[in-house]
Amino acid sequence: METELRESSGFTWTVIRPPRLTNGPHTQAYRTAVNRPLSQAKGISRADLADFMIRSIADPATYQAVVEISD
């Protein structure tokens with residue numbers, strides 16, 4: 001899938017790779033790594049993942065990028 005995205009033209013895309021999803025609280029205390037591995041990624045709450053997804057929509061640094069995320 002990621003290969004297809006990279007080879008497609010005309011699309012703005014972001015791949016977000018969360019580890020294990022939890023039902024934890026919305027804390028906004030998460031870490032991200034753009035186009036590189038994120039060490040010790042163990043889990044993230046669905047609420048924090050959603051928070052990042054909304055915030056990253058307007059962030060050009062995440063366009064055509066793979067983002068790893070974890071608490």
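Q: How exposed is Arg17?
A: Arg17 is partly exposed, with a relative accessible area of 37%. For the cut-offs, buried means under 20% relative accessible area, exposed over 50%, and partly exposed in between, with a 1.4 Å probe and protein chains only. Keep in mind that this is a predicted model, where local features need pLDDT of at least 70, side-chain atom pairs count only at pLDDT 80 or more, and totals for chains, interfaces and linings use all residues. Residues are numbered from 1 along each chain as its sequence is written, and side-chain values use heavy atoms, with hydrogens and water left out.

Q: What does Arg17 form a salt bridge with?
A: With Glu68, the closest N and O atoms being 3.4 Å apart. A salt bridge here is a side-chain nitrogen of Lys or Arg within 4 Å of a carboxyl oxygen of Asp or Glu. The pair links distant parts of the chain, since Arg17 is in strand 1 and Glu68 in strand 5, 51 residues apart. Helices (H or I, at least four residues) and strands (E, at least two) are DSSP runs, numbered from the N terminus.

Q: And Glu68, buried or exposed?
A: Glu68 counts as buried, at 18% relative accessibility.

Q: How many salt bridges in the whole structure?
A: Four. One of them joins Glu2 to Arg6, with the closest N and O atoms 3.7 Å apart. Glu2, Arg6, Arg17 and Glu68 are linked in a network of salt bridges. Another salt bridge is Arg55 with Asp51, at 2.9 Å between the closest N and O atoms; both lie in helix 2, four residues apart, about one turn of the helix.

Q: Switching to the sheet, what's the strand order?
A: It's an open sheet of three strands in the order 1-5-3, with mixed pairing. Strand 1 (14-17) and strand 3 stand at the edges, each with a single partner strand, so one side of each is left without a neighbour in the sheet. Two strands pair if DSSP finds at least two bridges between them.

Q: In which sense do strand 3 and strand 5 pair?
A: Antiparallel, over four bridges. Ala33 stands opposite Glu68 in strand 5.

Q: How many aromatic pairs are there?
A: One. The rings of Tyr30 and Phe52 have centres 6.1 Å apart and planes at 85 degrees, so the pair is edge-to-face. Rings of Phe, Tyr and Trp (its six-membered ring) pair if their centres lie within 6.5 Å; planes under 30 degrees apart count as stacked, over 60 as edge-to-face and the rest as tilted. Tyr30 and Phe52 are both buried.
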